[in-house]
Amino acid sequence: MSGPGSWLRAFAVLLFRPPTIERLIDPIISDLQIEYNATLGGSWRRRGVLLRAYCGFWKALAIHTVLSVGGGSAERNEFRRAIAFSCLACAIGTVLLALPPLVNGIRLPTGKTHQLMLALTLIPQALPISIPVGVCIGIMSAGCGRTLTRRHLLNTLMIGFTAACVVWVVLEWGVPLGNQTFRDIVIAEVTDGRVVHIEPGLNELGFSGLARRKDVAAVRHYHLLWALSFAAIPLAMFTLAAGARLRHPVSRGSVILLMLFAYYVLLWVSHSSLRHGAPILVTWAPNVVFLTAGLMLVWRQWAVHTGAPRIGV
Amino acid sequence: MRDWVPTLSAKEHVILELLGKSREMYGLELVTESGGALKRGTVYVTLGRMEEKGYVTSRAEEASPAQGGLPRRLYQSTPYGRELLAMLASARRRLALRFAR
């Protein structure tokens, strides 16, 4: 099939089962094509028609996904469990990561309000790590030793993508704001409350701030932030595939620990060796490695169990 | 256990009213003729749900070779859908009469 909207249909075919394609996707695409072909006038008018139709397509897809979220009852329960465990693990991880600096060293003589402010500024720093880790723990805890379906894959992608979006927002606004506030509080303590303006460093800049800078360190940091934002997706995919093969809690816990250790070591190594390659390629290497490995494991699971993927949307 | 009573949402009501003239319409046509009551992002999902409930049926239009692309899906209300619409309309009229006094 060719014509406007054909790529949308090809995309939907990957995710949805044939009845959904026949009843929901095909009618939208056929109406889009007919409306587009029937539109007279300049190319801008036709582009307007396409834009409206594309918006309608994504809206319909979103509504359908929300209405059928989780798939069948077993898959839906797993999905809810995965979200609940992810949130819980993320909250615990954030506290564990933010607590040590406060417990071990930072003490402000000015009282509890500043101490609380300081604690709050540490939370955005912990979130880019605790969210992907929490997602992995949640997905691993929600299901094990199961036959993977396409719905499992879709649910995992949804969780991973949502986590990635949250991390992106945290890195763009939360971390720069938190770090700058942290510096302001500490400087105010040191200078007895005098206001001293400090230029933001790399850690006080989000994506937009780093994109404006051209020096090598900023470019490296910029790509590192992008790679960190999307870490949840490859890690979630890998966890889904590994979790489906493992039943014993100890082996699942060990795999999570090993996977996270390997991922962050690889990220650190690739970030430290940036001078040997293009920053975008080197910083994204861990994501590519884990996503490829996860997809290969998922594919192998499908091949072993069914010969072809079971469809569950 | 409570007795199950079929219901119609506002969008389903509009769709059944538009299809009630025993003619076939496609999704975009319904959006156009509803005068803003239906949106193109929701109409297809609603139609799919109504088909599952048995309120409407659909078939793929035989596409002419000149048209190209995918065939359109045409929707028609079922006798069950039309009866439900009529009964709910009648119930609404009676309620209006009863409580208008």
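**Notebook: the chain B sheet and the chain A helices**

I started at one residue pair: B:A60 stands opposite B:R73, which sits in strand 3 of chain B. This is a predicted model, where local features need pLDDT of at least 70, side-chain atom pairs count only at pLDDT 80 or more, and totals for chains, interfaces and linings use all residues. Residues are numbered from 1 along each chain as its sequence is written, while chains are lettered from A and ligands numbered from 1 in the order in which they are written.

**Chain B, the sheet**

I looked up how strand 2 and strand 3 of chain B are joined, and found five bridges with the strands running antiparallel. Pairing here takes at least two bridges found by DSSP between two strands. Helices (H or I, at least four residues) and strands (E, at least two) are DSSP runs, numbered from the N terminus.

Next I checked strand 1 of chain B, which pairs with strand 3 (residues 73-77) in the antiparallel sense over two bridges. Within strand 3, B:L74 is the residue opposite B:Y26. I noted the whole sheet as open, three strands in the order 1-3-2, with antiparallel pairing. Strand 1 (25-26) and strand 2 (56-60) are its edge strands, each pairing on one side only.

**Chain B, the rest**

I listed four helices and three strands in chain B, in the order α-β-α-α-β-β-α from the N terminus. Of its 101 residues, 31% count as buried. Helix 1 (residues 10-19) lies across strand 1, strand 2 and strand 3, at about 90° to strand 3. That angle is between N-to-C directions, on a scale from 0 to 180 degrees, with axes fitted to C-alpha atoms, for helices over the stretch in contact.

**Where chain A meets chain B**

I got 20 residues from chain A and 16 residues from chain B in the contact, counting C-beta atoms, placed from the backbone, that lie within 7 Å. On the chain A side, helix 2 (18-38) and helix 3 (43-67) each give two or more residues. Helix 2 has the largest share, eleven residues.

**Chain A helices**

Helix 2 of chain A has a kink of about 40° at A:I25, shortly before the proline A:P27. The bend is the angle between axes fitted to the seven residues ending at a residue and the seven starting there. Buried residues of helix 2 include A:I25, A:P27 and A:L32.

I also looked at helix 6 (residues 150-190) of chain A: 41 residues reaching 57 Å from first C-alpha to last, close to the 60 Å expected at 1.5 Å a residue. The expected span is 1.5 Å times one less than the number of residues. A kink of about 45° is centred on A:L171 in helix 6. After helix 6 comes A:D192, with a positive phi near 55°.

Note on methods: Two residues are in contact if their C-beta atoms, placed from the backbone, lie within 7 Å. A residue is buried if 20 or more other C-beta atoms lie within 10 Å of its own, exposed if 12 or fewer, and partly exposed in between; C-beta atoms are placed from the backbone.
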